[in-house]
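Open your viewer, have the selection tool ready, and follow along stop by stop.

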Amino acid sequence: ENEDGILVGEYRKTAGEDGSEGETAPLFGALPEKPDGTFGWVVNWKPDNDGRTSSSTWTAQRVVIEGEPVLQTTWLRRSEVVKPGARWESTLVGQDTFTRECL
């Protein structure tokens with residue numbers, strides 16, 4: 001983070017079930033305007049084995065659950081397609097909850 005409220009860092013996926021290192025990628029975003037406000041960030045992933053790229057975005061809000069702060073997020077991941085008509089199947093949407101251990 002910097003003094004302008006810009007979030008810059010590295011997103012690290014969790015390690016694979018086989019014990020392999022998790023993938024990392026640059027992360028850019030904007031911090032909330034108030035302590036428990038909403039905010040978001042973007043990650044541009046490295047090309048896959050076929051050379052195709054993908055990007056993910058998260059929108060988040062810090063909330064307190066059972067006395068512990070967590071980030072509740074909704075994410076969207078768009079993968080590069082070869083045919084424009086395949087765009088719907090190239091988009092995934094989901095939700096994550098990040099705890100202090102994840103941060």
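This is a predicted model: local features need pLDDT of at least 70, side-chain atom pairs count only at pLDDT 80 or more; totals for chains, interfaces and linings use all residues.

Select R62 first: with a relative accessible area of 32%, R62 counts as partly exposed, a class that lies between buried (under 20%) and exposed (over 50%), using a 1.4 Å probe and protein chains only. The term salt bridge is used here for a side-chain nitrogen of Lys or Arg within 4 Å of a carboxyl oxygen of Asp or Glu.

Residues are numbered from 1 along each chain as its sequence is written, and side-chain values use heavy atoms, with hydrogens and water left out.

Is Q61 buried or partly exposed? Its relative accessibility of 32% makes Q61 partly exposed. Which residues does Q61 touch, leaving aside its neighbours within four places in sequence? They are D36, G37, T38, V70, L71 and Q72, where contact means heavy atoms within 4.5 Å. Draw a line from Q61 to G37: the two are 24 residues apart in sequence, yet 6.0 Å apart in space, C-alpha to C-alpha.

**Stop three: the whole sheet**

Switch to a cartoon view. The chain has 6 strands and 0 helices; both are DSSP runs numbered from the N terminus, with at least four residues of H or I for a helix and at least two of E for a strand. An open sheet takes in 6 strands in the order β1-β2-β3-β4-β5-β6, with antiparallel pairing. Strands count as paired if DSSP finds at least two bridges between them. Colour β1 (6–12) and β6 (91–98) to see the edge strands, each of which pairs on one side only. On average, neighbouring strands of this sheet are turned by 25 degrees against each other, direction ignored; the axes behind that value are lines fitted to C-alpha atoms, for helices over the stretch in contact, and angles run from 0 to 180 degrees between N-to-C directions.

Strands of a sheet pair through backbone hydrogen bonds, either parallel or antiparallel.

**Stop four: walking across the strands**

Select β3 (residues 38–45) together with β4: they pair in the antiparallel sense over 8 bridges. Here W41 has W58 in β4 as its bridge partner. Next, move to β4 (residues 54–65) and β5 (residues 68–79), an antiparallel pair joined by 12 bridges. Look for V63, whose bridge partner in β5 is V70, and for I65, which stands opposite E68 in β5. The hairpin of β4 and β5 has 2 residues between the strands, and E66 takes a positive phi near 50 degrees there.

**Stop five: a loop and an edge**

Jump to E89 in the loop between β5 and β6. E89 counts as exposed, at 67% relative accessibility.

Then return to V8, which has its place in strand β1. With a relative accessible area of 48%, V8 is partly exposed. Select E10 and R12 next, and find the salt bridge between their side chains (3.1 Å, N to O). E10 is exposed, with a relative accessible area of 52%. The count of salt bridges comes to 2.

**Last stop: the overall view**

Show the surface of the chain, which comes to about 7,700 Å², with 50% belonging to carbon and sulfur atoms; accessible areas come from the Shrake-Rupley method with a 1.4 Å probe, and for residues only the protein chains shown count as cover. How many of the 103 residues count as buried? The share is 24%.
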